[in-house]
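Morning, everyone. I have one structure to walk through today. Please look at the sequence and the model first.

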Amino acid sequence: MKFAIIGTSSAAARHARAINHIRGSHVVAVCGSSKEHTDSFAKKYHITKSYTNVDRLYQNEKPDAVIIANIPSKHYSAIVKAAEYVKILIVEKPIVVTNKEVKLVKKLVKTKKCSISVVYQKRYSKTYRLLR
């Protein structure tokens, strides 16, 4: 499976490392706002392509899935753009930042017939289970 990563955050790095360990999967490209930082991220995680233009990434690389791990205030626009090109979207928490965006994403998923998952990796950690 071909993955693209949007963002160069520490969460994006965790995803890149994990995907590198899944047989048959690889990150084909990463997209970030700073060319220098995105190139550095790509080199560090053995990703062959880096972009600062997300449309070019999708058009050139045609990923099967996208991981959205940029800053939360940009999640909504990244989801809308990804849904134009990809059917599998994985989004770091929070999925979006306003109730209006939640409703629009819900509608978008139905219209575009894509699947969207939100990462809550600490949900099952020992500390969080004890706090419940």
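Let's start with lysine 93, which is found in the loop between β5 (88-92) and α5 (99-112). A word on those labels: helices (H or I, at least four residues) and strands (E, at least two) are DSSP runs, numbered from the N terminus. This is a predicted model, where local features need pLDDT of at least 70 and side-chain atom pairs count only at pLDDT 80 or more, while totals for chains, interfaces and linings use all residues. Residues are numbered from 1 along each chain as its sequence is written, and side-chain values use heavy atoms, with hydrogens and water left out.

Back to lysine 93. Its relative accessible area is 35%, so lysine 93 is partly exposed. My scale here: buried is under 20% relative accessible area, exposed is over 50%, and partly exposed is in between (1.4 Å probe, protein chains only).

The peptide bond from lysine 93 to proline 94 is cis, with omega near -10 degrees.

Next, backbone angles at two other lysines. Lysine 62 is not a glycine, yet has a positive phi of about 45 degrees. Look for lysine 62 in the loop between α3 and β4 (65-68). Lysine 62 is exposed, at 54% relative accessibility. Lysine 113, also not a glycine, has a positive phi of about 55 degrees. Lysine 113 is in the loop between α5 and β6 (115-119). Its relative accessibility is 69%, so lysine 113 counts as exposed.

Now the rings. How many aromatic pairs does the structure hold? Two. Rings of Phe, Tyr and Trp (its six-membered ring) pair if their centres lie within 6.5 Å; planes under 30 degrees apart are stacked, over 60 edge-to-face, and the rest tilted. Phenylalanine 41 and tyrosine 45 make a tilted pair, because their planes are at 50 degrees, with centres 4.8 Å apart. Both phenylalanine 41 and tyrosine 45 are buried.

Tyrosine 58 and tyrosine 85 are stacked, because their planes are at 15 degrees, with centres 4.9 Å apart. This pair links distant parts of the chain: tyrosine 58 is in helix α3 (residues 54-61), tyrosine 85 in helix α4 (residues 75-85), 27 residues apart. Tyrosine 58 is buried at 2% relative accessible area. Tyrosine 85 is partly exposed at 33%.

Last, two distances. Valine 28, in strand β2 (residues 26-31), is buried at 9% relative accessibility. Its C-alpha is 9.4 Å from that of histidine 46, 18 residues apart along the chain. Leucine 130, in helix α6 (residues 126-131), is exposed at 66%. Leucine 130 and valine 27 are 103 residues apart in sequence and 35 Å apart, C-alpha to C-alpha.
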